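Here are my notes for a colleague who is opening this structure for the first time. Please keep the sequence and the 3D view side by side while reading.

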Amino acid sequence: MQTKEMITEVNKTVLPNGMKVVTENIPGVKSVTAGFWVKTGSRHEANELAGVTHFLEHMLFKGTERRSSYDIAQSMESVGGYLNAFTSTEYTCYYSRCLDTQLERAIDVLTDMVQNSQFPEEELQKEKKVVLEEMKMYKDSPDDYIFELFSDNVFKNHPIGRPIIGFENTVSNYTRQDLFNYMADRYRPDNLLIAVAGHVDHEEVIQLINEKLELNSAELTIDADQPLTNYEKFQIEESKAIEQTHMVMGRRALNFDHPDKYLLLLANTVLGGGMSSRLHQNIREKYGYCYAIGTFNQSYTDSGMFGVYIGTDKNYVTHVRDLISKEFDIIRNEKVNDKELSEAKSQLKGKLLLSQESTSNRMNRLAKSELYFNRFVSLDELVENIDSVTAESLLSFSQEFFDPEIFSEALLVPENR
């Protein structure tokens with residue numbers, strides 16, 4: 001499979017206050033996506049403030065000194081663009097996608113939200129109800145609940161394992177001052193990254209940021225030391241009023257910059273990357289034991305999490321467990337043949353190329369490259385690393401990684417009636 005990266009211009013500037021600005025000018029597009037990334041996520045919260053990063057993300061849309069919550073929403077929608085945000089374990093992002101002619105408006109709204117949000121008491125109390133309802137939604141979604149249960153035990157007694165949304169008792173007790181204090185500690189210039197991709201001029205972005213964003217804190221952001229707790233294999237089971245059994249088999253995995261990450265990426269693709277994967281073909285298609293099955297691979301700064309998720313009937317759990325273990329045994333003991341390895345590589349490279357047709361995806365990749373590697377990781381570099389994986393290196397990696405003695409299991413089963 002031939003891959004060729006679109007020729008774009010990537011620029012990076014570190015402002016005097018420590019804030020980073022990265023842009024990617026993409027010829028031939030009329031849109032632009034601007035993202036304000038804060039290097040703070042659920043793992044950076046004190047225990048008593050669990051979930052505050054996610055809650056704060058909600059509250060930044062609730063009004064500033066010069067914009068109401070309606071004004072914020074209408075500001076971009078009125079010109080065909082949109083605003084959104086998301087929170088993860090390690091970062092928060094506020095972003096807008098719009099026509100290139102509306103870039104100044106987008107940056108004006110985003111900077112206003114980041115530095116001038118007021119957190120009105122009435123909105124604070126309303127949003128607590130909203131987030132508590134969001135928690136109930138996740139609890140009512142068995143596939144979400146099983147992942148939360150699994151993560152909590154993979155990273156037992158560590159902030160990575162906590163739910164991003166927090167807990168009912170912590171969310172219920174937030175005050176306005178808690179939000180202001182958290183922003184003062186974490187939303188500092190040295191902890192903020194501006195990423196813009198699309199039809200954009202780097203110097204124009206720098207000028208707009210200098211004009212509109214006045215975060216001049218001289219204090220540096222301090223990240224608390226978070227040594228990883230020991231991983232211990234577990235097998236847990238909970239029951240809920242559901243019809244289907246939900247199951248995860250997995251383990252701790254690799255951090256973002258681990259030298260074996262491309263080996264795991266390909267092993268993940270071979271085992272669970274779509275309908276042609278081994279697990280899908282040999283469990284769903286061959287035996288009809290499930291509707292949903294697939295693998296997941298999540299990386300963090302210092303660790304990661306890999307697993308297989310499956311939704312099945314409680315009577316099939318033993319069969320499914322044995323078949324997954326069989327596939328792990330095969331990939332540990334037999335080289336992936338040339339055809340299957342080549343197809344897995346093409347699948348990964350094809351997804352990478354297709355994702356680059358969106359300015360939002362390119363903004364995300366631009367920002368994550370800077371957050372995790374402090375440089376721009378080109379598509380050509382990714383492709384080269386994928387292509388460098390051999391059947392021999394994949395086998396050697398799999399022999400250790402897919403050791404059944406390391407894999408844990410979480411089960412969510414129907415309640416007895």
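1. Overall size. This is a predicted model. For 417 residues, a compact globule would have a radius of gyration near 22 Å; the protein has 23 Å, so the two agree. The C-alpha trace spans about 60 × 55 × 40 Å along its principal axes.

2. Make-up. The protein has 15 helices and eleven strands. Buried residues account for 53% of the 417 residues. The protein exposes about 19600 Å², and carbon and sulfur atoms supply 47% of that area. Take the contacts between residues at least 6 apart in sequence: 81% of them join residues at least 24 apart.

3. The six-stranded sheet. Start with the strand order, β1-β2-β6-β3-β5-β4. The sheet is open and its pairing is mixed. Its edge strands are β1 (9-14) and β4 (82-87), each of which pairs on one side only. From one strand to the next, the twist averages 15 degrees.

4. Strand β3 and its neighbours. Strand β3 (residues 31-38) runs antiparallel to β6 (residues 192-198), and seven bridges join them. Phe36 stands opposite Ile194 in β6. Ala34 stands opposite Val196 in β6. Strand β3 is also antiparallel to β5, with eight bridges between them. There, Trp37 stands opposite Cys93. Strands of a sheet pair through backbone hydrogen bonds.

5. Is β3 enclosed or open to the outside? Eight of its eight residues are buried, so β3 is largely enclosed by the rest of the structure. Ser31, Thr33, Gly35 and Trp37 point one way from the strand. Val32, Ala34, Phe36 and Val38 point the other way.

6. The nonpolar cores. The largest has 48 residues. Leu60, Tyr94, Leu103 and Ile209 have the most contacts inside it. Helix α3 (residues 103-116) gives this core its largest share, seven residues. Apart from it lies another core, of 43 residues, including Tyr262, Leu264, Ile293 and Val383.

7. A closer look at Leu60. Which residues does Leu60 touch, leaving aside those up to four places away in sequence? They are Ile72, Tyr94, Met113, Val114, Ser117, Phe119, Met183 and Tyr187.

8. Backbone angles to check. Most residues other than glycine have a negative phi. Phe119 has a positive phi, near 50 degrees. Phe119 sits in the loop between α3 and α4 (121-139). With a relative accessible area of 0%, Phe119 is buried. Asn374 also has a positive phi, near 60 degrees. Its place is in the loop between α13 (359-373) and α14 (379-387). Asn374 is partly exposed, with a relative accessible area of 44%.

Notes: Residues numbered from 1 in each chain as written. Predicted model: local features only at pLDDT ≥ 70, side-chain atom pairs only at ≥ 80, totals over all residues. Heavy atoms only, no water. Pairing = 2+ DSSP bridges. Helix = DSSP H or I, 4+ residues; strand = E, 2+ residues; numbered from the N terminus. Axes fitted to C-alpha atoms, helices over the stretch in contact; angles between N-to-C directions. Core = buried A, V, L, I, M, F, W, Y, C linked by side-chain atoms within 4.5 Å. Buried < 20%, exposed > 50% of the residue type's maximum accessible area, 1.4 Å probe, protein only. Contact = heavy atoms within 4.5 Å. Rg over C-alpha atoms; globule rule 2.2 N^0.38 Å. Areas by Shrake-Rupley, 256 points an atom, 1.4 Å probe, with all protein chains shown as cover.
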